[in-house]
Amino acid sequence: MFRPKVPTMPQPVGLAAPPAVVEPATIKPGTSAPPAPVAPVPPRPAVRLAPGTALVLGGGGTAVVLVVGAVLVSLLLAVALTATSVAVCAVVIRSVLTRR
């Protein structure tokens with residue numbers, strides 16, 4: 001039950017094709033292919049924003065900054081409250097232990 005069982009390799013069935021013969025390529029020194037011509041890249045058009053689009057982008061960016069700021073401030077407040085409660089607990093435990 002606890003002995004590992006080694007699987008047996010199945011034997012090939014049918015006719016097997018002989019391996020293909022690969023001949024090495026001959027390389028002549030001193031010959032190189034000419035460089036391929038590079039097509040010129042057309043210049044990208046400048047992005048133009050309408051006044052309404054710029055206003056929407058500015059408002060969206062402001063909203064993102066306000067939301068991220070609110071999240072960071074709430075995290076900082078949570079850390080401060082936790083540190084304060086731990087400090088109060090430490091003072092109470094210390095005063096209880098010193099009275100004994």
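Valine 71 counts as partly exposed, because its relative accessibility is 43% (buried means under 20% relative accessible area, exposed over 50%, and partly exposed in between, with a 1.4 Å probe and protein chains only). The model is predicted: local features need pLDDT of at least 70, side-chain atom pairs count only at pLDDT 80 or more, and totals for chains, interfaces and linings use all residues. Residues are numbered from 1 along each chain as its sequence is written, and side-chain values use heavy atoms, with hydrogens and water left out.

**The chain as a whole**

- The chain contains one helix and zero strands (DSSP runs numbered from the N terminus: H or I of at least four residues for helices, E of at least two for strands).
- The chain is more spread out than a compact globule, because its radius of gyration is 38 Å, well over the 13 Å that the globule rule gives for 100 residues (the radius is taken over C-alpha atoms, and the rule is 2.2 Å times the number of residues to the power 0.38).
- Along its principal axes, the C-alpha trace spans about 95 × 75 × 35 Å.
- Of the 100 residues in the chain, 0% are buried.

**Helix H1**

- Helix H1 covers residues 51-99, and valine 71 lies in it.
- Valine 73 also lies in helix H1, and it counts as exposed because its relative accessibility is 57%.
- From valine 73 to glycine 61 the C-alpha distance is 18 Å, with the two residues 12 apart in sequence.

**The segment before H1**

- Phenylalanine 2 lies in the segment before H1.
- Phenylalanine 2 has a relative accessible area of 75%, so it is exposed.
- A distance of 66 Å separates the C-alpha atoms of phenylalanine 2 and alanine 36, which are 34 residues apart along the chain.
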